[in-house]
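Please keep the sequence and the 3D view at hand while reading.

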Amino acid sequence: MAAAARLAMRARPLSCPNPGVAALVVRDNRVIARGWTEAGGRPHAEAVALAGLAPEGLREATLYVTLEPCAHESARGPACADLVAAARPARVVAGQRDPDPRTAGKGLARLEAAGIAVTLLDDAASAASLAGFLTRQRLGRPWVTLKLATSLDGCIALPDGTSRWITGEAARAHVHAQRAQHDAILVGGGTWRADRPRLDVRLPGLETRSPQRVVLTRGTLPEGVTALPSPEAIAGLEGVQYLYVEGGAQTAAAFLAADLVDELHLYTAPILIGEGLRALGALRLASLEEAHGRWSLAERRQLGSDQFTAYLRRR
C-alpha cells in the first residue's frame, strides 16, 4: 500500500477535479500491473491497472488501491467497482474509504457482493497521497501548503525589501517542483504589486505544469489572475485541491492565524541579515501555550547549502 501511495503522486495535480489514486495488481508477491488516475480524472487508476490483464491472471491476484473504488457511474466512464467486480481478483485492499456520498462504502459493498474478499485500511500513506481530495471533501477547502524562505535569523528580505536571492539554486529548483504539484499558487497583494512575480514553473519539461495564479487582494488584477478578499475565500477556488501559498509576511500570518495551513515548508539559508523584514506578521497568540503542539516534523533534507524542513499541522 505504501508503494501504491508513492505511485499516486504521479497523478498530482493533473487528475483534478478527481482524486489522484493509484492501484497495484499483485500476484505471487510480484507486481503484474499498475496504474494511476490520468490527466483530467479519467481513466481511473483501477481501469488503467486492469486494462489488458487476462481474467485468469487475476483469480489469485490482489488489487491494492489507495481509495475505495468508485460506485457511481459517469458519462466519462463506468464505475470502478463494477470494473473490478467483473475482473474478479481474489482480493481488494483499499487504503481509504471514499468520503464522497455517491460511493462512501458502496464500492466495497459491491465487491463483497460479487464474492471478492475486501480489506479496508485506514492507511496513513494513502491518506497523505489523497490530502487535497480528502480536505476538499471533509473541510470544503483545498489542502494549503505555506512556503517560507528565510535567513538563519528569520528574515525574508533586507530592510529595503531586497530578497533576491535568499536561497540558492537547488532550493529554488525544489520550490518550482513543489509548484508543479499544486493546482494554484497564492501571494499577497503587496508582493504582487512590488515584485509582479511570474508564479510559474520554470523547470525544463514542466513548464506546462504552472498552477493557477491567485492574489490575496481586493484590488483589480490582470486577466488570468484570481483575486481573493480573504484567506477563508480559498473555499471558493474551483478545481483546486492543492494550494501553495508563497508570498508576503502578512499573507503568511493571515493564513496561520486563520488556522488554514496544513503543511509548512521552510527553506533556511545559512546567512544572517540582522535588521531585516521578518518572515511573519502578528499571529495574535494569547500565550506561548497556543504555539506548542501544533506542528510535527515530516521531512528534512539538504538542498545545496540550504536546509529544507517540512511540518504537518496536528489536527
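## Strand S1 and its two partners

Two strands count as paired if DSSP finds at least two bridges between them. The model discussed here is a predicted one, and in it strand S1 (residues 22-27) pairs with strand S2 (residues 30-36) in the antiparallel sense, over six bridges. Within this pairing, Val26 has Val31 of S2 as its bridge partner. The two strands form a hairpin with two residues between them, and Asp28 in the turn has a positive phi of about 55°.

S1 also pairs with strand S3 (residues 62-65), again in the antiparallel sense, here over four bridges, and Ala23 stands opposite Val65 in S3. Five of the six residues of S1 are buried, so the strand is largely enclosed by the rest of the structure.

## An open sheet of eight strands

Elsewhere in the model, eight strands make up an open sheet with mixed pairing, in the order S10-S9-S8-S11-S6-S12-S15-S14. Strand S10 (225-228) and S14 stand at the edges with a single partner strand each, so one side of each is left without a neighbour in the sheet. From one strand to the next, the twist averages 25°.

Inside this order, S6 and S11 run parallel and are joined by four bridges; Leu146, for example, has Val245 in S11 as its bridge partner.

## Helix H7 and what covers it

Helix H7 spans residues 169-179, and its buried residues are Ala171, His174, Val175, His176, Gln178 and Arg179. The cover over these buried residues includes strands S6 (143-150), S8 (184-188), S11 (242-247), S12 (263-268), S14 (295-303) and S15 (306-313).

## Gln96, a buried residue in a loop

Gln96 is placed in the loop between strand S4 (91-94) and helix H4 (106-113). Is this residue buried or exposed? Its relative accessible area is 5%, and Gln96 is therefore buried, given that buried means under 20%.

Leaving aside neighbours within four places in sequence, Gln96 is in contact with a set of residues that includes Thr66, Leu67, Glu68, Leu120, Ser126, Leu130 and Arg138. Asp123 also belongs to this set of contacts: although Gln96 and Asp123 are 27 residues apart in sequence, they are 6.4 Å apart in space, C-alpha to C-alpha. The side chain of Gln96 reaches the backbone oxygen of Asp123 at 3.0 Å.

Definitions and conventions. Residues numbered from 1 in each chain as written. Predicted model: local features only at pLDDT ≥ 70, side-chain atom pairs only at ≥ 80, totals over all residues. Heavy atoms only, no water. Buried < 20%, exposed > 50% of the residue type's maximum accessible area, 1.4 Å probe, protein only. Contact = heavy atoms within 4.5 Å. Axes fitted to C-alpha atoms, helices over the stretch in contact; angles between N-to-C directions. Polar contact = N/O pair within 3.5 Å; in protein donor to acceptor, adjacent residues only side chain to side chain.
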